[in-house]
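Dear colleague,

I am handing over the structure below, and after it I set out what was found. Please read the notes alongside the coordinates.

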Amino acid sequence: MNAETRKRRQKEICNIINSVPVKSQLELAKILQTRGFEVTQASLSRDLKMVNARKYPRGSANARYIIFEEPDLERMGELTGASASVISFSLSGNMAVIKTRNGYAGGLAYDIDMLDSPMILGTIAGADTIFAVLNADASRNEILDLFSEILPDRVLADLF
């Protein structure tokens, strides 16, 4: 998946949430599918965070997703900081190796850990290299989909 597809999907999520009451991620995924967007639960969860959508009122049986502050969809997906410093990404078995410019690995490893994904068991960062241990049950496509949310398309292009 590229950044443009992700941006279009996130814009569509905003349109859906602003036009119909959506009570669950499963419901939203079904609506997206009817509109031509296939999405994993993990990607949908990240998309909802990125567009600042949350269930309201929390804990209520009548809770539905609302967008608390309209996101700047034109800027969404632009990479800054540690993500922009990525040089390469490789997969080997249940290990991902990410090369960055010197000094950026720690910040990016933190960003990866904050994804709080069951597909990533943990990271170890040096000055310019990150080793991420991946869940052996995660498929290659799931892993690539997860990392496509935070890494530049240029480093993932050859892996899809």
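**What was found**

The accessible surface of the chain comes to about 8900 Å², and 50% of this belongs to carbon and sulfur atoms (areas by the Shrake-Rupley method with a 1.4 Å probe; for residues, only the protein chains shown count as cover). This is a predicted model, in which local features need pLDDT of at least 70 and side-chain atom pairs count only at pLDDT 80 or more, whereas totals for chains, interfaces and linings use all residues. Residues are numbered from 1 along each chain as its sequence is written, and side-chain values use heavy atoms, with hydrogens and water left out.

Of the 160 residues of the chain, 39% count as buried (under 20% relative accessible area, with exposed over 50% and partly exposed in between; 1.4 Å probe, protein chains only). The chain holds seven helices and six strands (DSSP runs, H or I of at least four residues and E of at least two, numbered from the N terminus), and their order from the N terminus is α-α-α-β-β-α-β-β-α-β-β-α-α.

In helix α5, which spans residues 105-114, Ala105, Leu108, Ala109 and Ile112 are buried. They cover an arc of only 105° around the axis, which puts them on the same side of α5 (the arc being that of the directions from the helix axis to the C-beta atoms). Just after α5, Asp116 takes a positive phi of about 50°.

Ser85 lies in the loop between α4 (81-84) and β3 (86-92), and at 1% relative accessibility Ser85 counts as buried. Leaving aside residues up to four places away in sequence, Ser85 touches Thr100, Arg101 and Tyr104 (contact means heavy atoms within 4.5 Å).
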